[in-house]
Amino acid sequence: MLPNTDIEVRKSRIQGRGVFALRDFTPGETVLVWDTSYILTDDEYARLPEDQRHFVVRFKGEWLYMQEPARYVNHSCEANTVARDGTDVAVAPIHAGDEITSDYRSEMPSGERMKCLCGTKSCTGYIEGAAV
Ligand SMILES: [Zn+2]
């Protein structure tokens, strides 16, 4: 069991389900740890239904199929965490009750594109993957 005890998954105002802080986090703190054991082959990724593809990130040059709770972290153009070596690390002060957000662009596979619903001031309206 991964030590993701200070967060919970519930309905998000951004989209679908989201991940929320149950306590305050300071910048530099690890907020959640990914389960990195579900690596897909190129074939498995290619055969994945469209609605499952946004759960896949590029991780150390492989297709990582994200599991709960990390798969429910929504993208924000003003994200409060950054992905670092299979974890999400706070880059801004996070308060108990805040939604945990990540900037998908650095992990989302190159060629993938989706609409952004984050609603922040710096929102570009879409998310385009840049990871190879
Ligand atoms: Zn946005």
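**Figure 1. Strands β5 and β6 pair in the antiparallel sense.** Strands here are DSSP runs of E of at least two residues, helices are runs of H or I of at least four residues, and both are numbered from the N terminus. Two strands count as paired if DSSP finds at least two bridges between them. Arg58 has Trp63 of β6 as its bridge partner. Both strands belong to an open sheet of 3 strands in the order β4-β6-β5, with antiparallel pairing. β4 (39–40) and β5 (56–59) are the edge strands with a single partner each, so one side of each has no neighbour in the sheet. This is a predicted model, in which local features need pLDDT of at least 70 and side-chain atom pairs count only at pLDDT 80 or more, while totals for chains, interfaces and linings use all residues. Residues are numbered from 1 along each chain as its sequence is written.

**Figure 2. The hairpin of β1 and β2.** Strand β1 (residues 7–11) runs antiparallel to β2, and 5 bridges join them. Within this pair, Glu8 lies opposite Phe20 of β2. The hairpin has 5 residues between its strands, and Gly16 in the turn has a positive phi of about 55 degrees. β2 also pairs with strand β10 (residues 99–102), again in the antiparallel sense, over 2 bridges. There, Val19 faces Ile100 in β10.

**Figure 3. The largest nonpolar core has 12 residues.** A nonpolar core is a set of buried Ala, Val, Leu, Ile, Met, Phe, Trp, Tyr and Cys residues joined through C-beta atoms within 7 Å. Members of the largest core include Ile7, Val19, Ala21, Phe25, Trp34, Ile94 and Ile100. β2 (17–21) and β3 (30–33) each supply at least two residues of this core. A second, separate core has 7 residues, among them Val57, Tyr65, Tyr104 and Ile127. Which residues are in contact with Ala21, leaving aside its neighbours within four places in sequence? They are Asp6, Ile7, Ile94, His95, Ala96, Gly97, Asp98 and Ile100. A contact means that the C-beta atoms of two residues, placed from the backbone, lie within 7 Å.

**Figure 4. Asn74 sits in strand β7 (residues 74–75).** Is Asn74 buried or exposed? Asn74 counts as buried because it has 21 C-beta neighbours inside 10 Å. The cut-off for buried is 20 or more other C-beta atoms within 10 Å of the residue's own, while exposed means 12 or fewer and partly exposed lies in between; C-beta atoms are placed from the backbone. Not counting residues up to four places away in sequence, Asn74 touches Ser12, Ile14, Gln15, Gly18, Glu99 and Thr101. Leu117 is 43 residues from Asn74 in sequence, and their C-alpha atoms are 9.3 Å apart.

**Figure 5. The whole protein has 2 helices and 12 strands.** Of its 132 residues, 24% are buried. Its C-alpha atoms fill a box of roughly 40 × 35 × 25 Å along the principal axes. Among contacts between residues at least 6 apart in sequence, 60% join residues at least 24 apart. The mean pLDDT, the predictor's confidence in each residue from 0 to 100, is 94, and 98% of the residues reach 70 or more. Among the elements, helix α2 (residues 50–53) has the lowest mean pLDDT (88), and β10 has the highest (98).
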